[in-house]
Amino acid sequence: MSLYIFLRTPIAHWHDAAHALEWGMVQLSVLDLANVGEGFTPADALANALDLAQHAEAAGYNRFWLAEHHNLSGIASAATAVCICHVAGGTSTIRVGAGGVMLPNHSPMVIAEQFGTLATLFPDRIDLGLGRAPGTDQHTLRALRRGVDASEHFPQDVVELRALLGPPQEDQFLHAIPGEDTNVPLWILGSSLFGAQLAAILGLPYAFASHFAPQALMQAVEIYRERFEPSAQLAEPYVMVGCNVVVADTEDEAKRLFTSPQQNSTRMVRGTRGKLPPPIDDIETFWSPAEKAQASSMLACSYYGSKDTIGAKLEPLIEATGANELMVAGAIWDHSARVHSFELLAGAMGQTKTLGCADRRGCRWRLLYGLSPWTMKISTHSAAPCRPLPMSINGAAHTSGRSAGRCLPLVVGRMANLPTPSRCPTSRLNFCAISRACGRRPIWRHAV
């Protein structure tokens, strides 16, 4: 099986193609709710969170986020900043953060001090995702001393928090110590259009909670990209998409493991939340048709499969959203199976990854297949007229899709052996446009 990359941007020299892989690749990250499984304790959940983070770090995941929830017996990450410290202290390179902190539950000053302290202890490794939902029920809101109108001040609270974490100003009289000038990266989290608009106006990266509320995903992402204004933190829009993923050695085993989040969602519909249940053999015996419809709607951005199938299942989500990063949740009851799932996913996405580009018009760099990290095929696509052209791929003859213009045969080998500019047939090379009707096969030509 071969590797395909679809490119829109001209690349000056052959060796730049290797850098395109690094620049455009969609990142994989972990969202851990520190689920407490039936038969287990919060202590087990927190120990498992650290163990998963260590495995995720070894597997190459970009971030490990924990989320603020209160008064829920099945989630142990209520004291989110403390949990982040626990995980960051047991890892060394992976970014650790909140996905997220429900800012209206707190004063910006307290959050600036908490995350400024984390950033001081773990420099350049802390993220701060911000949400405006309560993360709990009305009774707990009163216990948190949160006012009924707290969420209405969310935009102002975000601006205040950013100022407290930024460099001090000459006339500033309020200082977060530690926190000041740590410039902890802020994210806006959301499941509606409000967060998308706020993230765009403030020039912040945007994470959509499609792992449990996917209905407004496409509209929110579109609005965010259209209205994005560059900021000191971010020059181009950056989209993170949440999803649930369960991977196992076989399709049937993954399907069975996925019954745990299905049961969880059904219990939310019933209003009977509890600890994460173990998997069952037949989910149809658990829910009614109406419950199935509601739970399945909540889990619309959820995927299960084997290492061989999961990449192809995720591809439409990444293609449709143009996601720069996937934030993956995996509510699996058995911890060893959960660790194995994330390891299998990392391995699968090493073969089937999608590359996102910064073009706001939605151009895509897509890496569809690949078995060897040293073997690659390169192509692009457009609506240009085409004609067949023979070419060589890994030494074997191949007929490309049709393309207008002068094209050269492409021999693909190891990245390490890509020609230097002096060995290129011309000082400026470009990728040849291939239309979708041509099958997106690879082709190479001189720039015109």
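Predicted model: local features only at pLDDT ≥ 70, side-chain atom pairs only at ≥ 80, totals over all residues.

Biologist: Which residues of helix H11 are buried?

Modeller: Glu 291, Ala 295 and Met 298 are buried in H11, residues 289-298. Buried means under 20% relative accessible area, exposed over 50%, partly exposed in between, with a 1.4 Å probe and protein chains only. Helices (H or I, at least four residues) and strands (E, at least two) are DSSP runs, numbered from the N terminus.

Biologist: Why are they on the same side of H11?

Modeller: They cover an arc of only 50° around the axis, so they sit on the same side of H11. The arc is that of the directions from the helix axis to the C-beta atoms.

Biologist: What do the buried residues of H11 pack against?

Modeller: Helix H10, residues 259-270. The axes of H10 and H11 come within 9 Å and cross at roughly 115°. Axes are lines fitted to C-alpha atoms, for helices over the stretch in contact, and angles run from 0 to 180 degrees between N-to-C directions.

Biologist: Which residues make the contact?

Modeller: From H10, Ser 265, Thr 266, Met 268, Val 269 and Arg 270; from H11, Glu 291, Gln 294, Ala 295 and Met 298. Contact means heavy atoms within 4.5 Å.

Biologist: Now H6 and H7. At what angle do they pack?

Modeller: About 35°, with the axes of H6 (residues 154-165) and H7 (residues 193-202) 11 Å apart. Phe 154, Pro 155, Val 158, Val 159 and Arg 162 of H6 meet Phe 194, Leu 198 and Leu 202 of H7.

Biologist: Does Cys 243 count as buried or exposed?

Modeller: Cys 243 counts as buried because its relative accessibility is 0%. Cys 83 counts as buried at 6%.

Biologist: Last one: where is Ala 216 found?

Modeller: In the loop between strand E7 (206-208) and helix H8 (217-227). Not counting residues up to four places away in sequence, Ala 216 touches Ser 191, Leu 193 and Phe 208. The C-alpha atoms of Ala 216 and Ser 192 are separated by 6.0 Å, at 24 residues apart along the chain.

Methods. Residues numbered from 1 in each chain as written. Heavy atoms only, no water.
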